[in-house]
Amino acid sequence: MSKFIVSKSLGLCGKVEISGAKNAVLPILCACILTEKECVLSSVPPLMDVYAMMDILKALGVKVQYDSVNQIAKIKAERVTKTKEEYEMAGKLRASFLVMGPLLARRQKAKIPLPGGCQIGTRPVDLHLKGFIKLGAKIKQEHGFVMGRCRRLVGSHIYLDFPSVGATENIMMAAVLADGVTVIENAAVEPEIVDLAEFLNKMGAKITDYGTGAITINGVKTLEGANHNVIPDRIEAGTFMVAAAITGGDIFLTNAVPDHLGAITSKLKEANVDIEELAHGIRVCTKGEITAFNLKTMPFPGFPTDLQAVFMSLSTVAKGTSVITETVFENRFLHAGELTRMGADIKIDGRIAVVDGVRKLTATQVKATDLRAGAALVLAAMTAEGETEISDIFHIDRGYCLFEEKLIKLGAKIRRED
Ligand code: UD1
C-alpha cells in the first residue's frame, strides 16, 4: 500500500490550479443516465471516486469514454440494460447511491446496495427514500439492498428534515422526469447542487429556485444531451488555502470561485491570514503568526465539514485555544488522534474539539483515516520536525487530483512510496 513521506516544508509558494469538483461531477455523471443522448463533460478530474462511478455506469450498460489528460468525459446512456448495482462496486464510494433517482426516473426500477456507514458516521439514506416514496415509488429493503419500483414518478411536495446534499440531488434527479411539479423544501444549497441543477436544465429539465431552500421542478417527458464544464473544487481550494496558511507561504489559486469560499476566507482572515480576491484567482499569504479561531461546521453557506480536518491541523500550530464543533457528521474527529501522535494538544468531548496550539509538531508514523483527514495530516506534516510517514493514502487519491504533484510544484517535500 502506498504512503507519503513528508518533510518539513515551510513557505509554500507559487500558483496552483484548482481541478473540477469531485462532489459536483459524481452526481452529474449519474444524471447522464436520464437521457439516451450523449453528454460531454469537461473539467472531470481523474480521481479514484470518479473512475469508480464510471465503472458503476458502465456496469449499468452506459457507454463511458474518458480522456483523463484533457479531463473530458463522454457519456451515452442510449440503453440502460441493468437496474441493479453490485455491492462490490457500490462499496467503493457512498455517492454510488446517487444512481437510484436517475434509474427510477429512466427505468422505473432500481436495486441498489444500502451504502452502510463509514468511518465518519452512520450515514443513513432515509431522506433519499422518503423523497422517492413521496414521488410515488414503492420502496423495499431486503438482504442489504434497497429496491424501488414505480409506474411513473409523480411530482410532490417534499420536506427534508435536514438539508442533505445527497438526498437533494437524488430527489431532484428523480423528479425531473416525473409527472407534474415537485417542490423540495429545506433543500441543500451547496454550489454542487446548483451545478447539478444547471446541468439538468441544459438537458431540458425545468428546475427553478435551486440554490435556495425550496427547489421547484416541473417534470418534463424527456431530456436531451448536454455539454457542461464542472465547477472548481471548493474543498481542494480550501485545502490549498490552508497549505499556504500553515506553512507561512504565499499561494495563488487559479480557477477558484470566491463566492464558494466565503466561510473559509472569513475563517482564515480571523486566523491572521491575508486573502486577496483578484479577477483571475485568490492569493493567500501568511506573514504573521496564525491565531486561534473557533469554527462550527454547517451546511452551505456555513463552514464545510469537509474542511474541518485541515482547519484542525491549522489550529494545532495556532497561537491560543481554538474550539472546533462538528455538527454534520457524528464521528468526524478521527484525525485528532493522529495529530495528537504528532504532538498536537487536542481534547475531544463529543462533537467538540478543544485545540491548544503548540509551538511545533513532530514527525511520526500516522494513518489517513479518511479522505479529508489524509489531507489534514499532509498539511500538518509540512510543519513538523523530521519525516512524517502517512499510510493509507488511497483515501487521498479518492478525492484530490494530483495532490502531491501540485504540492511539490509549490515547494513541498513530499514523496510517494509504494
Ligand atoms: C456530501 C458530500 C460530502 C460532504 C457532505 C456534507 C458528496 C459526494 N459528498 O455527502 O463530501 O461531507 O455532503 O456536506 O457530495 N443524512 C441522514 N439521512 C439521509 C441523508 C443524510 O440522516 O438520508 C445525514 C448524514 O448522516 C449526515 C448529514 O445528513 O449526518 C449530511 O449528509 P449529506 O448532506 O447527505 O452528505 P452526503 O450527500 O452523504
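**Close-up 1. Helix 1 and its buried residues.** Helix 1 (residues 22-31) is mostly covered, with 9 of its 10 residues buried, where buried means under 20% relative accessible area with a 1.4 Å probe and protein chains only, and where helices (H or I, at least four residues) and strands (E, at least two) are DSSP runs numbered from the N terminus. The buried residues of helix 1 are K22, A24, V25, L26, P27, I28, L29, C30 and A31. This is a predicted model, in which local features need pLDDT of at least 70 and side-chain atom pairs count only at pLDDT 80 or more, while totals for chains, interfaces and linings use all residues. Residues are numbered from 1 along each chain as its sequence is written, and side-chain values use heavy atoms, with hydrogens and water left out.

**Close-up 2. Strand 1 and its two partners.** Because 4 of the 5 residues of strand 1 (residues 3-7) are buried, this strand is largely enclosed by the rest of the structure. Strand 1 is joined by 5 bridges to strand 23 (residues 413-417), the two running antiparallel, and V6 has I414 as its bridge partner in strand 23. Another 5 bridges join strand 1 to strand 22 (residues 387-391), also antiparallel, and here F4 stands opposite I390; strands pair if DSSP finds at least two bridges between them.

Close-up 3. Helix 10 (residues 308-316) has 9 of its 9 residues buried, so it is largely enclosed by the rest of the structure. The count comes to 5 aromatic pairs, a pair being rings of Phe, Tyr and Trp (its six-membered ring) with centres within 6.5 Å, and planes under 30 degrees apart counting as stacked, over 60 as edge-to-face and the rest as tilted. The rings of F293 and F311 have centres 5.9 Å apart and planes at 85 degrees, so this pair is edge-to-face. Because F293 lies in the loop between strand 16 (281-285) and strand 17 (294-296) and F311 in helix 10, the pair ties together parts that are 18 residues apart in sequence. F303 and F311 also form an edge-to-face pair, at 4.8 Å centre to centre and 85 degrees between the planes. F303 counts as buried at 5% relative accessibility, and F311 counts as buried at 0%.

**Close-up 4. An aromatic cluster and a charge over a ring.** F240, Y400 and F403 form one aromatic cluster. K111 lies over the face of F145, at 5.1 Å from the ring centre, the rule being that NZ of Lys or CZ of Arg is within 6 Å of the ring centre and within 35 degrees of the ring normal.

Conventions
Buried < 20%, exposed > 50% of the residue type's maximum accessible area, 1.4 Å probe, protein only.
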